[in-house]
Amino acid sequence: MVQDLDPFAVARDLFPDMPPGFPFENFDLEELILPTGDDMGIKSDDDDIKEEDIQTQSGFGSCLVIQNLPKAPEEKYEKLMTVVRTIASKMGEVRENGIYMPLDESTKMTKGFAFVELARREDVDAALLDERFANGYQLDKNHKLTFCRFDDFDKYAKVPDEYAPLEQVPYKQPENLHSWLADKLGRDQYVLRFGDNTVVCFNDGKRGRADVAFQREYWTESFVQWSPQGTMLATMHRQGMAVWGGPSFTRLNRFAHPSVRLIDFSPNEKYILSYTSHEPVTARDSYTILINIWDVRAGKLLRKFEGPVDEYAVGSSAGPNGALKWPVFKWAGGREDIYFARLGRSKISIFECPHMGLLGKESLKLDGVQDFEWSPSEPMLAAYSAEQGNQPARIVLIKIPERTEIRQKNMLNVSDVKLYWHPQGTYLAVKVEAWTKTKKSTTTSFQIFCVKDKDVPLEVFELKNNKERVLNFAWEPKGHRFAVVHGDGPRPSISFFTMRDDKGRLGVRELKMLDNRACNAISWSPQGRNIVLAGLKNFNGQLEFFNVDEMETMATAEHFMATDVEWDPTGRYVATVVSHVQQMENGVNVWSFGGRLLYSTQRDKLYQFSWRPRMPSLLPLEKEAEIVKNLKQYSKRYDEEDEQLLMQADADVLHERQRTLDEWKAYQESRRNYAALQLDFKRELYGPRFQEKESTIQKVMVEQVIDVKEEPYNVK
């Protein structure tokens, strides 16, 4: 009698040291028992997130409770209700029959509180943050009204009567948010977003390649954005945005702002603004916007700005067809995030951090103001006011918080004005287009304020042909030079100017003009001295790498259909990008500052390329100038160190490969005995059939004619 063998029982007898559930072929999930805490090496995206209590919406999120109302008799009920309606209307739109003030049936007196239901939950949040209601509303000498959410009663009712001490959570050392700056090869990072993928890479220009530092699929739903100092990367989601940092890009914080569209960090990364817009519900409603201001590290909502788009789309903030230009709020320069401001009708509203209230509790009044820009280095703003009646157009420099006008300039027949601050706040260039006497054409001139000089002297200059169109203007980031792209033909000219002569004396002087260039964009190196003259889009990616110190072209090249030019923070490398705006050839070329192509990366549907910013240098300008002067002495020493680091890095790569190979060989050896035992087991299990060769079954279709019959076809 042949006894039926249980292959699983035989396997367990032959291999007693295997984990429960072995063998794994055709296993039942319930039989597979993993050791406690073993995740099979597969980490969840939420492993680093604490479990949070799920807060369900009770349905009363848009309800407010007004407390400490007077207890009035029944005959004064309607009079008190009128007062409550007036207060409620200041908070937002009240729903129909949305106010209820209970009456005590026994005493026929009001109970001292009322319920108000607003149209939206956001209106409740805004009302509780409003300065008029946040600290109480003084109704009369004896009654100061207080406000709270209806849901708060349920929340506080769940608080236990007995105090239970909180469980102490052991301190966990956070990741170093500046770890990429400690890269031993001194490499910078950039982020690529293509298709559904987001990849952060180290730029290894010396070896002509990109090393992936982190990548993730479906990381964002629209775009990613570095913070100004490169500490964090923000991602966008339907529920809001999140910020990530550290070598493994762990989530640092998240901010609830449904359908968020745009964001803007403050210069020192303390705050972040988020923007969204709301379509009108009915024909009577208007297009409204919502801007939230958050504390980045605490994740706390500090203030909301909400209203019709017409209220914010004023002057230079207004785009075509009444659209809004971003950013609406502009941050003051300097290393402290103290002030931010927005343009209004005949005013500039300046807000002060951290309380987010109006500076001095009133806006800065400027009749006809159309545009303003903060200095990048200090809380000083430049504002432009258009002509009004007999009042000329005016440019004014204002010191904040004193609101002191330190310089102004009046102008006539102005058609258009653009403000260009020097990145170090040294100069302010104002491009002025003025009408000629015939009003049929315009002339262009530049008014340059020397902000750091005594009494803020003003330099005025024009191009040789002041009727030419000025296509672009750009300051040298570190220095006193600037470049202007001008001309009316298809191939414009580029002129270079300096604000000071060799002895440091002030005065605009032309250095050189380059004629007939395929250029519509200029991009200075962050360190100055070098500039890329680029012909983007219609010019098919013509590139000229130009040394402004020597006034000579270092190289010319082409990146067909290029749409963008981006310098790395150090000025050593420059990237040219073909984004998804073009249907084909999407990718990135990385060049040396001298125009030598180092490597190319092709990516279909390339939506975004962005270098990771660096923190501002802590060295004073004098020390930086000394380093530049003695650069050859420093570079010789650092070139030797870089060569040693590259050799060491290559040796580390070889060592890592050898270690991986050794591990694989050791694993093979450890499984060799297991493979032999498994072979013996199969030989015993299958018996004589073990020697049979593997067979396959094929289905073959054969056509066979069974019968053919012919009949006449009679057509009448």
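Q: Let's start with a term: what does buried mean for a residue in this predicted model?
A: The model is predicted, and a residue's relative accessible area decides the label. Exposed means over 50%, and partly exposed covers what lies in between. Buried means under 20% relative accessible area.

Q: Is N253 buried or exposed?
A: N253 belongs to strand β14, which covers residues 250–256. Its relative accessibility is 16%, and the cut-off for the buried class is under 20%. N253 therefore counts as buried.

Q: N547 is another asparagine to look at; which backbone nitrogen lies 2.8 Å from a polar atom of its side chain?
A: N547 sits in strand β38, residues 542–547. With 15% relative accessibility, N547 counts as buried. A polar atom of its side chain lies 2.8 Å from the backbone nitrogen of D549.

Q: Is N97 buried or exposed?
A: N97 is found in strand β2, residues 94–100. Its phi is positive, near 55°, although N97 is not a glycine. Most residues other than glycine have a negative phi. With a relative accessible area of 75%, N97 is exposed.

Q: Where does N68 lie, given its positive phi near 70°?
A: N68 is a residue other than glycine, and its phi is positive, near 70°. At 38% relative accessibility, N68 counts as partly exposed. As for its place in the chain, N68 lies in the loop between β1 (63–67) and α2.

Q: How far apart are the end C-alpha atoms of helix α2?
A: Helix α2 has 15 residues, 77–91. At 1.5 Å a residue, α2 should span 21 Å. The model agrees with that expectation, as the end C-alpha atoms are 21 Å apart.

Q: Within what arc do the buried residues of α2 fall, seen down its axis?
A: The buried residues of α2 are Y77, L80, M81, V84, I87, A88 and M91. Seen down the axis, they line one face of the helix, because they fall within an arc of 125°.

Q: Which exposed residues does α2 carry on the face turned away from its buried side?
A: The buried side of α2 includes Y77 and L80. The face turned away from that side carries exposed residues, namely E78 and K79.

Q: Which residue follows α2?
A: Helix α2 covers residues 77–91. The residue that follows has a positive phi, near 150°. That residue is G92.

Q: How many bridges join β17 to β18?
A: An open sheet of four strands has the order β15-β16-β17-β18, with antiparallel pairing. β15 (262–265) and β18 (301–308) stand at its edges, each with a single partner strand. In this sheet W294 stands opposite L301 in β18. Strand β17 (residues 288–295) runs antiparallel to β18, and the number of bridges joining them is seven.

Q: What is omega for the peptide bond from C353 to P354?
A: Most peptide bonds are trans. The bond from C353 to P354 is cis, and P354 lies in the loop between β21 (347–352) and β22 (357–358). Its omega is near 5°.

Q: Which proline is joined to I400 by a cis peptide bond?
A: The omega of this bond is about 15°. The proline has its place in the loop between β26 (393–399) and β27 (404–411). The residue is P401.

Q: How many disulfides does the structure hold?
A: A disulfide needs a pair of cysteine sulfur atoms within 2.5 Å. C148 counts as buried at 15% relative accessibility, and C450 is buried with a relative accessible area of 0%. The number of disulfides in the structure is zero.

Terms used
Residues are numbered from 1 along each chain as its sequence is written. This is a predicted model: local features need pLDDT of at least 70, side-chain atom pairs count only at pLDDT 80 or more; totals for chains, interfaces and linings use all residues. Side-chain values use heavy atoms; hydrogens and water are left out. Buried means under 20% relative accessible area, exposed over 50%, partly exposed in between (1.4 Å probe, protein chains only). Helices (H or I, at least four residues) and strands (E, at least two) are DSSP runs, numbered from the N terminus. The expected span of a helix is 1.5 Å times one less than its number of residues. The arc is that of the directions from the helix axis to the C-beta atoms. Two strands pair if DSSP finds at least two bridges between them. A polar contact is a pair of N or O atoms within 3.5 Å; within protein, one must be able to donate a hydrogen and the other to accept it, and residues adjacent in sequence count only if both atoms are side-chain atoms.
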